[in-house]
Amino acid sequence: MSKIACQISGIVKSFGPNKVLREINLDLPAGKITALMGANGAGKSTLVKILCGVHQADAGSVFLFGKSFDPISPADAFKSGVVTVHQSINNGVIPDLDIVSNLMIDRLAEQNSGFFINSEKLKKEANKIASAMDININTATLVRDLGPADKQMIAIARAMSHSPKLLILDEPTSSLSENEAKRLFVLLEKLKKQGVAILYISHRMSDINSIADRIVAMRDGTISGLFEDKPLDYEGAVTAMLGQKLSQAAIKTNKGKRVVLNLEGIKLSDSSTPFDLSFYENEIVSITGLIGSGKTNLASEIFGLNNNSKAKMTLNANSYSPNSPKEAIAAGVFMCPKDRASNAIVSEFDISNNLALPFFKRHSKLSFLRNKTLRKNAKNSIDKLGIVCQSEMDSVTTLSGGNQQKVMVGRWLAEESSVLLLDEPFQGVDIKARRDIGLQIRSTSDQRATLIFVAELDEALEIADRVIVLHEGNLVGEFENESKNIPEIVSSFSGRSVNLNSSSYGT
Amino acid sequence: MVNVQKMSSRSFAIKYGFLILLAGLVIFFSIAAEGFAGPRSAVFIFQSVSITGILALGVTATLVVDGFDLSIGSVATSALMLSAYVMVVLEMSAFSAIIACLFMGAAVGFINGLLIVKAKVPDLLATLGMMFLLIGLQRIPTEGRSISTGMKLPDGSTTEGVYSQAFLWLGRHRLDFFLEKLIPVPVIIFILVGVLIWIFLELTRHGRLMYAIGSNETATALAGANVNKYKILAYVISGVMASIGGILLSARLGRGDIASGNNLLLDSVAAALIGFAVLGAAKPNAFGTAIGAIFVGILLQGLTMMNAPYYTQDFVKGAVLVIALIFTFALSFSGRKSGH
């Protein structure tokens with residue numbers, strides 16, 4: 001049963017001077033689910049990309065059931081039996097076609113599949129696949145009408161029609177509800193029994209509790225821990241993944257006393273309990289929690305993106321109920337959104353225009369933009385944040401990821417605010433840029449309340465005075481960031497302090 | 001930034017290639033076609049492209065917000081018919097005719113904007129629908145016939161109104177400029193509109209925000225801009241420009257000719273797209289649009305003077321457009337890391 005399906009030995013990968021993977025050795029046994037954990041930049045996505053043929057390793061080798069496996073493209077990996085289901089489900093399905101076509105799309109793309117579609121035959125085969133996977137939906141349904149879980153199932157079912165040897169799932173439950181996740185787990189159990197090796201990337205305690213047979217932790221391009229003994233040592237794995245980085249930055253002792261933002265009756269999802277929160281002047285608060293914990297909902301609520309908010313908010317003792325980002329910004333509440341590529345960067349603009357985007361009004365006279373003040377503003381931000389560029393007139397796309405992120409954060413530091421929300425400000429950013437951004441946030445924070453939303457616990461501990469932990473829309477922990485609190489923070493982060501009923505589903 | 005020596009022949013070609021091509025054409029025609037070089041010929045070229053150019057400047061505004069306006073041609077012909085109807089049938093003044101046309105253009109633009117922003121109809125479909133609607137609407141009051149003084153109306157009466165001189169002045173008058181009666185009024189209006197749109201798009205924060213919306217709508221909304229307002233504004237600008245074009249066409253023709261303006265949409269869209277290639281902008285821009293319109297005008301004028309038959313005109317325009325699109329997309333974008 002525990003035959004080794006995939007043997008990874010000595011994999012090394014660098015991007016330029018950046019060593020991303022240093023000698024990865026890992027065995028993935030057939031018929032077992034291996035959970036992979038790792039902080040941002042640990043190298044887990046690079047490892048996955050090598051396995052599914054997007055990147056090629058610089059050194060080392062991979063064996064699939066003893067046969068050398070060196071895919072040059074995703075299609076190549078797919079043919080050899082390594083199937084990857086990516087985080088964004090929509091890449092795995094074609095929403096405007098029905099289930100039959102989705103399941104059989106690879107068949108249709110084959111050269112010798114004939115010119116006309118034999119719908120009866122296709123339907124029969126598709127139904128066979130669907131029933132083998134316990135998918136009880138009419139296969140004539142359009143995929144876009146399905147819920148996320150069903151889409152996920154279809155993506156996996158499509159992959160299963162190729163009888164994979166290794167199935168890689170990247171955060172598959174990130175867009176699923178608990179019930180939907182349960183259905184996915186039942187399916188994974190079934191695949192496991194068929195002898196498929198599964199590599200499951202997730203931080204979710206509840207996921208790992210229900211289905212993982214072993215946990216692998218990665219840190220700084222190496223395997224930092226392997227846990228196989230039942231019960232699985234989740235906290236040990238979190239510690240292995242975070243390593244020595246669980247040290248905090250200098251924390252302010254002169255935290256302000258004045259409440260800047262007060263929230264009453266915040267309800268983050270239909271099933272969650274409302275809670276209250278207060279944020280003080282000269283304070284940096286990290287709001288942390290796993291994906292799906294409601295962090296982004298909370299940020300949206302404060303920034304006026306949720307129009308049917310029922311929460312009662314006060315800002316500087318005045319009632320505050322923004323209906324749009326415009327109103328929030330006018331009130332002095334700024335937000336640096338997550339995922340800069342889709343939510344923040346204007347790729348056709350240069351650095352100075354990207355920096356000034358929300359405040360064009362302040363850089364113009366009678367609506368005419370003044371290049372001088374635009375450039376002065378840009379130079380100022382470039383100096384302060386250490387943005388590496390040739391000139392402020394360069395296109396923002398010429399910058400590296402870390403420097404782009406500095407521009408996005410600098411955009412909101414250029415003007416004074418009462419409340420600054422930063423959603424995942426360290427996303428896709430190297431350590432050096434993360435330090436620069438963190439220092440700049442801290443050095444400007446004395447007049448405002450700063451809220452930083454991060455999924456990675458080490459990032460939260462690195463910068464915050466106070467850490468707030470959310471889990472599935474509920475407030476599960478609130479801690480001053482002191483070293484004596486760290487064990488408690490870790491355990492509340494893992495979801496131990498709430499009743500997950502994790503034994504009731506899955507295994 | 002690429003270092004200056006390495007700003008190779010390639011980036012030079014992308015930036016100035018189209019303007020050099022334009023200069024080359026002018027020199028070629030000046031030598032090959034007798035009478036091409038000279039102020040009268042130059043003015044003729046400008047006159048031939050002025051109405052198309054004004055429409056093209058309007059559609060540029062919608063392209064900037066990553067939209068598209070297919071209804072401009074029909075807005076222009078509707079303005080043509082409306083102005084004739086107001087003066088000839090209703091016997092009202094030139095001023096009323098102009099106001100009615102501008103208002104109609106703004107209203108159509110506003111409805112287009114609402115359809116796109118509020119009803120979430122994709123831009124191409126919304127403006128295509130509007131195009132059909134207007135083509136049909138402008139035929140209803142006169143049962144599909146052109147409007148001229150002395151025509152019989154559906155109710156049996158005869159029209160008695162006339163095009164006022166002030167209105168015809170807009171389309172036919174020529175101003176003295178070194179030479180007597182050199183520059184027609186539509187050319188002046190084209191240049192004026194071009195400068196205004198250029199200033200608005202390039203120099204004001206509103207224009208800059210519209211470009212930001214075209215590049216990343218979500219980011220611009222999260223930066224606090226009223227995205228919907230700017231998108232609607234772009235369609236209103238487009239509608240007003242198209243109605244100005246229609247007024248000038250009407251003033252030139254002197255009658256409400258139902259069959260005029262068939263080519264306006266394609267010609268002006270082509271000018272705006274050719275404009276992407278000017279100065280390597282690789283994006284909609286007012287200067288490029290104006291140059292694009294003039295480029296087509298020079299080419300057609302030159303070829304006509306070299307006795308190329310009229311029926312080759314559309315072919316030539318199409319060829320220019322395809323070449324300009326290659327300039328924009330194959331050359332400019334392959335050198336960049338990310339397009340949009």
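This is a guided tour of a predicted model, stop by stop, with a note on what to select and what is found there.

**Before selecting anything**

Residues are numbered from 1 along each chain as its sequence is written, and chains are lettered from A, with ligands numbered from 1, in the order in which they are written. Since the model is predicted, local features need pLDDT of at least 70 and side-chain atom pairs count only at pLDDT 80 or more, while totals for chains, interfaces and linings use all residues. For the complex, the predictor gives an ipTM of 0.84 and a pTM of 0.78.

**Stop 1: colour by confidence**

Colour both chains by pLDDT, the predictor's confidence in each residue, from 0 to 100. Chain A has a mean pLDDT of 83, with 89% of its residues at 70 or more, and chain B has a mean of 90, with 95% of its residues at 70 or more. In chain B, select residues 1–5, where pLDDT stays under 50 and the model has five contacts beyond four places in sequence; two residues are in contact if their C-beta atoms, placed from the backbone, lie within 7 Å. Then select residues 335–340 of chain B, where the pLDDT is also below 50 and the stretch has six contacts beyond near neighbours in sequence. In chain A, pLDDT stays under 50 over residues 496–507, for which the model has 21 contacts beyond four places in sequence.

The elements named from here on are DSSP runs numbered from the N terminus, helices being H or I of at least four residues and strands E of at least two.

**Stop 2: where the chains meet**

Show both chains together: 23 residues of chain B are in contact with 26 residues of chain A. On the chain B side, the elements that give two or more residues are α8 (205–215) and α9 (217–222), and α8(B) gives the most, with seven residues. The residues on this side of chain B divide into nine nonpolar, ten polar and four charged, where Ala, Val, Leu, Ile, Met, Phe, Trp, Tyr, Cys and Pro count as nonpolar, Asp, Glu, Lys and Arg as charged, and the others, Gly among them, as polar.

**Stop 3: a hairpin and a helix pair in chain B**

Select β1 (residues 174–177) and β2 (residues 179–184) of chain B, which pair in the antiparallel sense over three bridges; strands pair if DSSP finds at least two bridges between them. B:L175 has B:I183 of β2(B) as its bridge partner, and B:F178, in this hairpin with one residue between the strands, takes a positive phi near 65°.

Next select α7 (residues 185–203) and α12 (residues 286–305) of chain B, whose axes come within 8 Å and cross at roughly 150°. Axes are lines fitted to C-alpha atoms, for helices over the stretch in contact, and angles run from 0 to 180 degrees between N-to-C directions. The crossing makes α7(B) roughly antiparallel to α12(B), a term used for angles over 145 degrees. The contact is made by B:G194, B:I197, B:W198 and B:L201 of α7(B) and by B:A286, B:F287 and B:A290 of α12(B), and these residues divide into six nonpolar, one polar and no charged.

**Stop 4: the domains and sheets of chain A**

Chain A is divided into domain 1 (4–245) and domain 2 (259–496), with bounds that come from an automatic or database domain assignment. The C-alpha centres of domain 1 and domain 2 of chain A lie 33 Å apart.

Select β12, β11, β14 and β15 of chain A, which in that order form an open sheet of four strands with antiparallel pairing. The edge strands are β12 (275–280) and β15 (318–319) of chain A, and A:T314 stands opposite A:S319 in β15(A).

Which strands make up the six-strand open sheet of chain A? The order is β16-β19-β20-β13-β21-β22, and the pairing is mixed. At its edges stand β16 (333–336) and β22 (474–480) of chain A, each with a single partner strand, so one side of each is left without a neighbour in the sheet. Within this sheet, β13 (residues 283–288) and β21 (residues 466–471) of chain A run parallel and are joined by four bridges, and A:V285 stands opposite A:R466 in β21(A).

Technical notes
Parallel < 35°, antiparallel > 145°, perpendicular 65-115°, else oblique.
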